[in-house]
Amino acid sequence: MDKFRMIFQFFQSNQESFMNGICGIMALASTQMYSAFDFNCPCLPHYNLAYGLGILLVPPFILFLLGFVLNNNISMLAEEWRRPQGRRGKDPAVLRYMFCSMAQRAMIAPAVWVSVTLLDGKCITCAFCTSVPVESLGNASHPRLSQGEIQRVLARIPCKEIYNGQQLIANEVAVRYLRCISQALGWCFVLLMTTLAFLVRSLRPCFSQAAFLKSRYWSHYIDIERKLFDETCAEHARSFAKVCIQQFFEGMSTDLVASRCHLPRKAPADTGEAAEKLLGITDQGTMNMALKSWHRCKPPLQLHPAALPTGNGWAGEGQPPTYPSAPRRETAAYYSWV
């Protein structure tokens, strides 16, 4: 139990660890879904290809979209991409980094599905059973069948219980031939994905390490800033609600005293603290204006105090900005006679 708790705490440590855990869970879920899936090939010439390729490609596409949906950064990326320019510029490199990071994580579950499907071989057997080379693997000259009849017989290869073309080609031979091709494609796909992941992880820092660190830093900053803004808004809403409720009960108490119903009154100790957390925003219109201002013109990313505007322009125009001097360090030396 302690190990699971440690793993859960690791997943909650930061946004990347949490999303890696979600992608790992989705990868395991994709394998469980495929193992629990009841694969039933229609065994018809015009439907086998659509069914086999549909099972091979449609679930990975759904898992890819689901990986984007479960990623919390997708809304943050859309908000950062669509927001007005305002007082803070938008860095396309940061947006590209966020999108590529989400896409890489969302591709894990689809890659696992495609790998498992190809290594199992049922989809390829169902989709391409009519393309089996009868001339080299069977006896195409023995039965006097038309091309359409041969296609109908070959389409029943995945359905062993209704296959009636043993004289044309043995069912075991055709299935083993198609499964070998599918497994070869599966291992090639696994090798390709592993090689691409290795190249991305190992070669990217060699070419653009500084740009990569910058994009990663500012993507983390946007995520942390959004969380802190949500926490601040939630704290302000809690304080606003607390003051509103306290004023309501104070008004009710005043009405009851006026109607000669003497009740004990006890002022709460945390009312003043809640009023201080409102930061001067004490009505709905001002709060809505503050939220719109945050969306339209976010504050610039500079920590030194900005110059104050005056009637004719900016104060101190033409003079270099002054910064507080660093505190002096004093060093004390101690001598001892030995």
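Helices here are DSSP runs of H or I with at least four residues, strands are runs of E with at least two, and both are numbered from the N terminus. By that rule, L196 lies in helix α10, which covers residues 171-258.

This is a predicted model, in which local features need pLDDT of at least 70, side-chain atom pairs count only at pLDDT 80 or more, and totals for chains, interfaces and linings use all residues. Residues are numbered from 1 along each chain as its sequence is written, and side-chain values use heavy atoms, with hydrogens and water left out.

## The chain as a whole

The chain has twelve helices and zero strands. Read along the sequence, its pattern is α-α-α-α-α-α-α-α-α-α-α-α. Accessible area comes from the Shrake-Rupley method with a 1.4 Å probe, and for residues only the protein chains shown count as cover. The accessible surface of the chain comes to about 24200 Å². Carbon and sulfur atoms account for 63% of that surface.

Residues are sorted by relative accessible area: buried is under 20%, exposed is over 50%, and partly exposed is in between (1.4 Å probe, protein chains only). Of the 338 residues in the chain, 27% are buried. A contact means heavy atoms within 4.5 Å. Among contacts between residues at least 6 apart in sequence, 77% join residues at least 24 apart.

## Two disulfides

A disulfide is a covalent bond between the sulfur atoms of two cysteines. Here the pair is called by distance: two cysteine sulfur atoms within 2.5 Å. The structure holds two disulfides.

| Pair | S to S distance | Torsion about the S-S bond |
|---|---|---|
| C41 and C126 | 2.0 Å | 75° |
| C43 and C159 | 1.6 Å | about 90° |

What does the link of C41 and C126 tie together? C41 lies in the loop between α2 (15-36) and α3 (48-70), and C126 lies in helix α7 (residues 122-127), so the pair ties together parts that are 85 residues apart in sequence. This link is right-handed. C41 and C126 are both buried.

The link of C43 and C159 is also right-handed, with its torsion of about 90°. This pair links distant parts of the chain, 116 residues apart. C43 is in the loop between α2 and α3, and C159 is in the loop between α9 and α10. C43 is buried because its relative accessibility is 5%. C159 is buried too, with a relative accessible area of 9%. The backbone of C43 has a phi near 60°, a positive value in a residue other than glycine.

Number the bonded cysteines in sequence order, and the pairing reads 1-3, 2-4. C129 is in no disulfide. The nearest cysteine sulfur to C129 is that of C41, 5.7 Å away. C129 is buried, at 0% relative accessibility. C188, by contrast, is exposed, with a relative accessible area of 51%.

## Nonpolar cores

A nonpolar core is a set of buried Ala, Val, Leu, Ile, Met, Phe, Trp, Tyr and Cys residues joined through side-chain atoms within 4.5 Å. The largest such core has 13 residues. Those with the most contacts inside it are V132, L154, I157, Y163, L168, I169 and A174. Helices α9 (147-154) and α10 each supply at least two residues of this core.

Which residues does I157 touch? Leaving out residues up to four places away in sequence, I157 touches C129, V132, Y163, N171, A174 and V175. A second, separate core has eleven residues, including I55, L56, C123 and I124.

## A helix contact and a surface patch

S115 sits in helix α6 (residues 108-120). Is S115 buried or exposed? S115 counts as buried because its relative accessibility is 12%. Not counting residues up to four places away in sequence, S115 touches F189 and V190.

Now to the surface. Patches are made of residues with over 30% relative accessible area and no salt bridge: like charges are joined within 9 Å, and nonpolar side chains (Val, Leu, Ile, Met, Phe, Trp, Tyr) within 5 Å. A salt bridge is a side-chain nitrogen of Lys or Arg within 4 Å of a carboxyl oxygen of Asp or Glu. L192, L196, F198, L199, L203 and F207 form a nonpolar patch on the surface. Together they have about 630 Å² of accessible area. L196 is partly exposed, because its relative accessible area is 41%.
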